[in-house]
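Subject: Structure handover

Hello,

Here is the structure you asked about, with the sequence. My notes on what was found follow below.

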Amino acid sequence: MAGHRRFPEELFRTSVPELRPEQGRFVLSRTPGMLRMEEKMRGRALEATVGATEQGIRPPVSPEDVLAALFAHCGVRHCDVKVEVSAPPVDFLLRFRNEEECTAVLHLSRNFVADGATLSFGRWHRSRGARTSELEYLSKLTFERFPREAWECDGVGRFVNRLGGHLEEMLKPTDSWYLSVIAWMKNPSDVPKSFVVEVPEPDVLPPVKSNSDDPITPSPPRAPTMKRTVIHDLLVHVSEVVDRGPVFTDLPVEYQDLTMDTTRTHEFTWFGGCVDGTIPTRMRDGAHCFSGHNGNGSAGADMMEMLN
């Protein structure tokens, strides 16, 4: 990071709390790395909470205090456990090298004392401290002008996350204009009709030229002052939405059957190159007249096989 410099005449500094939104929302799809981390922690991780005294005071307890008490109570060596301060409402996350010692410490819950304070333990679980929710709408989305090098599950999945959904399936593309996916969405009505995607350029360091006759070592490259990107202007089409929610109507409640299965599919017509809700101002020409829902927008080898 750059050095700390201040300019007294500067009225607003970038990212001051007053300029930032109060809250954001993001869907984080589970990655293979997350699954591996969860597997490592299953049966070998505990959450610890410091109990209050009779006066209702929770005394301060450090990770070093817990580490010393683990050795005193159970003989757990420092090299076999990691104690970390955790986010409320718990106080510590304990990660053990083996399940046997983890279970032995769990059985000491409420009888475990560290620096005069009593600790209680519980098994770590990925949902601890979280709230439950649902992605209710199975939807078909189509993207125009999506970066061609990002037509793979990780890149597309991250973009669907940003739209408030979870990628379920990438449909086989028929050309390089449209990319369609099936995704579980939080609220398809919140999906923007267009989207600006900014992709950082890859880091390419210039080759260092060596000269055996020159005894002076070349100076290291300067720290970058910016990260170059390329911008893609996307169109996002919502093609179909499976809706199981209530039917919005102006009928009085007494005329509505609230027990009825309301599952229905909303289908929407869209046109290539046009924002949803608009129609093209001219006919397609060139190669574009062969693309689309029923077009023959490719020829030759299978596109997906070529990428594998």
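A residue is called buried here when its relative accessible area is under 20%, and exposed when it is over 50%. Please keep in mind that this is a predicted model. By that cut-off, five of the seven residues of β5 are buried, so the strand is largely enclosed by the rest of the structure.

The sheet

Strand β5 belongs to an open sheet of five strands, in the order β2-β3-β1-β5-β4, with antiparallel pairing. β2 and β4 are the edge strands, each pairing on one side only. From one strand to the next, the twist averages 35°.

On one side, β5 is joined to β1 (residues 45-50) by five bridges, and the two run antiparallel. In this pair, Glu47 stands opposite Gly122 of β5. β5 also pairs with β4 in the antiparallel sense, over three bridges. Here Phe112 is opposite Leu119 of β5. β4 and β5 make a hairpin with two residues between them, and Asp115 in the turn has a positive phi of about 55°.

Elsewhere in the sheet, five bridges connect β2 and β3, which are antiparallel. Lys82 stands opposite Arg95 in β3.

The helix on the sheet

Helix α2 packs on the sheet and touches β2, β3, β4 and β5; its direction makes about 135° with that of β4. The helix covers residues 63-74, twelve in number, and its first and last C-alpha atoms are 16 Å apart, close to the 16 Å expected at 1.5 Å a residue.

Which residues of α2 are buried? They are Val66, Ala69 and Leu70. These cover an arc of only 110° around the axis, which puts them on the same side of α2.

On the face of α2 turned away from the buried side are the exposed residues Glu64 and Ala72. Just after α2, Gly75 takes a positive phi of about 70°.

Regards

Key. Residues are numbered from 1 along each chain as its sequence is written. This is a predicted model: local features need pLDDT of at least 70, side-chain atom pairs count only at pLDDT 80 or more; totals for chains, interfaces and linings use all residues. Side-chain values use heavy atoms; hydrogens and water are left out. Helices (H or I, at least four residues) and strands (E, at least two) are DSSP runs, numbered from the N terminus. The expected span of a helix is 1.5 Å times one less than its number of residues. Buried means under 20% relative accessible area, exposed over 50%, partly exposed in between (1.4 Å probe, protein chains only). The arc is that of the directions from the helix axis to the C-beta atoms. Two strands pair if DSSP finds at least two bridges between them. Axes are lines fitted to C-alpha atoms, for helices over the stretch in contact, and angles run from 0 to 180 degrees between N-to-C directions. Contact means heavy atoms within 4.5 Å.
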